[in-house]
Amino acid sequence: MTPLLKRKFLQVLMTIALSISTSGTLLFSTTSQAATGTIETADYSKILQEERAWAGLSTKTLRVGDVVWSYSEGGQANKPTILLIHGLASSRDSWNQVARSLTPYYHVIIPDLPSTGSTQVPANFDLSVPNVTEQLRRFVEAAHIQNNLNIAGHSLGGSIAMFYASQYPFDTQSLALISTGGLFQSNNTNYLKNPVYLKQLIVSQAGDLDFVYRKVMYNPPFIPSIIKKEQERLLISQAQETSKIINQLNELNKLYTPQSFAKMIRNIEAPTLIIWGKQDQIVNVEVAQELKSTLKHAETPVILNNVGHVPILEAPERVVESYLAFLNQTQLQKNSLSDQKSNK
């Protein structure tokens, strides 16, 4: 699905247009159309393509078993690899603004998770977090990026990132958790206590998107109405799949208690960065400190004021500032389990 584009969306398009001379005419034309409300669906697709290019990313596909993964890749392959995992009702494009600051220094991979974006799965595919995590591991192995992998996840993507790092501690170099969902003692929102409430945030008809914006972001960005309509249309088209994912989150709540969930994430050995929006209405900010207390090697949480549940879109510059500093620090650290792995 489409990203929630940033407040200064039109200025970003102008920046892209100035930096990519070969397609400048198209982009200036598209920007003008967006401003006047005459943009067409085809142009919106081009905007996303150019936004990825602006971030130093290109689109690729990889079939692994029954899943045809669509993903963005950027940076040099010989650099340390970062795997960015998006959240519920989102797509790889939600990371574009963050990725732009990462691709000059790191090898960046951002997949569309199964049944979201352009990744194709069979009918009745198991969308449970454990299975999606296993499928993600198969993708990582097929892409040959499993060694010393840096993983960052937002919201549901953070839950998947924790499952991955817990199950594959030998290979996880670092972990970043941004407004992450899960089962926690300090949960105090209905969305965490009972994931069925998340269905209130499904965009299923015209007008729903404005309500969702107000819930998930502290200060929703300005988006030209014609682009918002296109976002809404795409979200509506995937509402059924989003509902299935939420059903699986509800099942996860039946399988785990906060105590057993904490036991699972205590297996994580990787140094961990925690970033949270102070005004998060979906996953309350107190969870950040609980994660700090539970994880073995967690940094003091970075709490962003005047930010809601989507820091990667509401405050990408502040996210990147903390994440780059954390990455620079952790790349020199040796995985405490690497010797055990090499001896197996």
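**Entry 1: salt bridges**

I started with Glu230, which forms a salt bridge with Arg233, the closest N and O atoms being 2.7 Å apart. The cut-off I used: a side-chain nitrogen of Lys or Arg within 4 Å of a carboxyl oxygen of Asp or Glu. This is a predicted model, where local features need pLDDT of at least 70, side-chain atom pairs count only at pLDDT 80 or more, and totals for chains, interfaces and linings use all residues. Residues are numbered from 1 along each chain as its sequence is written, and side-chain values use heavy atoms, with hydrogens and water left out.

Glu230 and Arg233 both sit in helix α9 (residues 225–237), three residues apart, about one turn of the helix. My helices (H or I, at least four residues) and strands (E, at least two) are DSSP runs, numbered from the N terminus. Buried or exposed? I checked Glu230. Glu230 is buried, with a relative accessible area of 9%, while Arg233 is partly exposed at 41%. For those labels, buried means under 20% relative accessible area, exposed over 50%, and partly exposed in between (1.4 Å probe, protein chains only).

Next I looked up Lys254, which forms a salt bridge with Glu251, closest N and O atoms 3.3 Å apart. Both are in helix α10, again three residues apart, about one turn of the helix. Lys254 is exposed, with a relative accessible area of 59%, and Glu251 is partly exposed at 36%.

How many salt bridges does a search of the whole structure find? I got eleven. One of them joins the side chains of Glu73 and Lys60 at 2.8 Å, N to O. Glu73 lies in strand β2 (residues 67–74) and Lys60 in strand β1 (residues 57–64), so the pair ties together parts that are 13 residues apart in sequence. Glu73 counts as buried at 17% relative accessibility; Lys60 is partly exposed, with a relative accessible area of 35%.

I also noted a network of salt bridges that links Arg137, Glu141 and Asp171.

**Entry 2: rings**

Arg137 turned up again here, lying over the face of Tyr168 at 4.2 Å from the ring centre. My test for a charge over a ring was NZ of Lys or CZ of Arg within 6 Å of the ring centre and within 35 degrees of the ring normal.

Then I went through the aromatic pairs. Rings of Phe, Tyr and Trp (its six-membered ring) pair if their centres lie within 6.5 Å; planes under 30 degrees apart count as stacked, over 60 as edge-to-face and the rest as tilted. By this rule I count eight aromatic pairs. Phe163 and Phe261 make an edge-to-face pair, 6.2 Å centre to centre with 65° between the planes. That pair links distant parts of the chain, 98 residues apart: Phe163 is in helix α6 (residues 156–167), Phe261 in helix α11 (residues 258–265). Both Phe163 and Phe261 are buried.

Tyr164 and Tyr168 have ring centres 5.0 Å apart and planes at 50°, so the pair is tilted. Tyr164 and Tyr168 are both buried too. I also wrote down a cluster in which ring pairs link Phe163, Phe184, Tyr256 and Phe261.

**Entry 3: cavities**

I ran the cavity search on a 1 Å grid over the protein atoms alone, where a cavity is a set of points where a 1.4 Å probe fits but cannot get out, and lining residues have an atom within 4 Å of a point. The structure holds three cavities of 30 Å³ or more. Which residues are the closest to its centre? Of the 16 lining residues, they are Leu113, Val132, Leu156, Ile160 and Ile245.

Helices α5 (129–142), α6 and α10 (239–255) each supply at least two residues of this lining, and the largest share, three residues, comes from α10. The lining of the second largest cavity divides into eleven nonpolar, five polar and no charged residues. Here Ala, Val, Leu, Ile, Met, Phe, Trp, Tyr, Cys and Pro count as nonpolar, Asp, Glu, Lys and Arg as charged, and the others, Gly among them, as polar.

**Entry 4: backbone**

Ala89 has phi near 55°, in the loop between β3 (81–85) and α4 (96–102), and counts as partly exposed at 30% relative accessibility. Asn124 has a positive phi of about 65°; its place is in the loop between β4 (107–111) and α5, and at 76% relative accessibility Asn124 counts as exposed.

Methods. On a 1 Å grid over the protein atoms alone, a cavity is a set of points where a 1.4 Å probe fits but cannot get out, and a pocket is an open set with protein on both sides within 12 Å along at least five of seven lines; lining residues have an atom within 4 Å of a point. Grid points are joined across faces, edges and corners, and a volume is the space filled by probe spheres set on the points.
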